Amino acid sequence: MWNDQSVAGGGFFNSPSQFGNANTPNQPQKTGRRASRTAPIVIRQALHCGDDGIKIWGTEIQIVSIVARVRNIREQSTKITYTIQDITGRMRAVLWLDQEAMDEDDKSAPKVKVNDYVQIFGNVKTNKGKKVIMSFKIMPITDINAITFHYLQCINNRLKMEAESKKEQPANNNTVNSMPANSMVGIAESGSVNGLNARQMVVYNLIRASTLEQGISKQDMFSSLKDRMSMVEFENILEWMCGEGHIYSTIDEEHFRATDAF
């Protein structure tokens, strides 16, 4: 879709270095744990990550980039807390202020108002049981194309990380257990495919098979699955797949499409 240079440059933004190392050319990875990186994500991924932080296809993400709308601003002497929202969810972003810079030229705080779109760079942390973005850079967005571009980046980045993950898997595919965990292959009779277990794959394939632009509704899915699983299990599967980036909500929180259904 894009080469590494075009993604890192962020063509819709003013600064060519805004995305930092978001999609730097692939470098040889050491065996075992893969290196951290900067990556664009959506809020749902931040809300549903574990205590060890954001991971996409096994890659640990140290710095995230989020494009969202500001819904509330709370200013204090040492920090500003923003409530931000995108099409996948809502959360808080905290920006600690440089008091010396504020005393000198009053440029430490970004010029952002409620309902503005912003791009935020930071780390996902857990504070009192809730996920928070600890921000180190917040920039207003003035070009509406930047919002669409960000979501395209999220999809492109996920597909690239999937490809990297498959390269790192053992070449032996004689058994289900040796199959690449994130490979985009068909349903197996047992075991894990696509990083999903058999029951998750049932839900995933229902979503992936939909040809409607808005995707398939939660009600239609459960009508087909109610004899095979409970509503609680079904909703847990949906929530997990959204958090992992396998699916996303479309016109509302009741309709879904598979990420690779483009």
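**Figure 1. Pairing of strand β6 with strand β7.** Two strands count as paired if DSSP finds at least two bridges between them, and strands (E, at least two residues) and helices (H or I, at least four) are DSSP runs, numbered from the N terminus. The model shown is predicted, so local features need pLDDT of at least 70 and side-chain atom pairs count only at pLDDT 80 or more, while totals for chains, interfaces and linings use all residues. Residues are numbered from 1 along each chain as its sequence is written, and side-chain values use heavy atoms, with hydrogens and water left out. Strand β7 covers residues 130-140 and pairs with β6 in the antiparallel sense, over 10 bridges. N127 has K130 of β7 as its bridge partner. The hairpin of these two strands has 2 residues between them, and K128 there takes a positive phi near 55°.

**Figure 2. Strand β3 with strands β1 and β2.** Strands of a sheet pair through backbone hydrogen bonds, either parallel or antiparallel. Strand β1 (residues 37-40) runs parallel to β3 (residues 59-75), and 4 bridges join the two. T38 is partnered with I63 in β3. Strand β2 (residues 54-56) is antiparallel to β3, with 3 bridges between them. One of the bridge pairs here is K55 with E60 of β3. β2 and β3 also form a hairpin with 2 residues between the strands, and W57 in this turn has a positive phi of about 50°.

**Figure 3. Strand β3 with strands β4 and β6.** Strand β4 (residues 79-86) is joined to β3 by 6 bridges and runs antiparallel to it. R69 stands opposite Q85 in β4. The hairpin from β3 to β4 passes through 3 residues. β3 is also joined by 6 bridges to β6 (residues 117-127), again in the antiparallel sense. V67 has Q119 of β6 as its bridge partner.

**Figure 4. The open sheet of β8, β10 and β9.** The 3 strands lie in the order β8-β10-β9, with antiparallel pairing. β8 (216-217) and β9 (247-249) are the edge strands, each pairing on one side only. Between β8 and strand β10 (residues 255-258) there are 2 bridges. I216 stands opposite F256 in β10.

**Figure 5. Helix α5 against helix α7.** Two packed helices are described by the angle between their axes and the distance between the axes. The axes of α5 (residues 198-209) and α7 (residues 231-244) come within 10 Å and cross at roughly 70°. Each axis is a line fitted to C-alpha atoms, for helices over the stretch in contact, and angles run from 0 to 180 degrees between N-to-C directions. From α5, the residues R199, Q200, V203, Y204 and I207 make the contact (heavy atoms within 4.5 Å). On the α7 side are E233, F234, I237, L238, W240 and M241. By class, this contact has 8 nonpolar, 1 polar and 2 charged residues (Ala, Val, Leu, Ile, Met, Phe, Trp, Tyr, Cys and Pro count as nonpolar, Asp, Glu, Lys and Arg as charged, and the others, Gly among them, as polar).

Figure 6. Confidence is lowest in helix α1 (residues 4-9), with a mean of 34, and highest in β4, at 94. Residues 1-35 have pLDDT below 50, and this stretch has 67 contacts in the model beyond near neighbours in sequence. Over residues 171-192 the pLDDT stays under 50, and the model has 40 contacts for them beyond four places in sequence.

Notes. pLDDT = per-residue confidence, 0-100.
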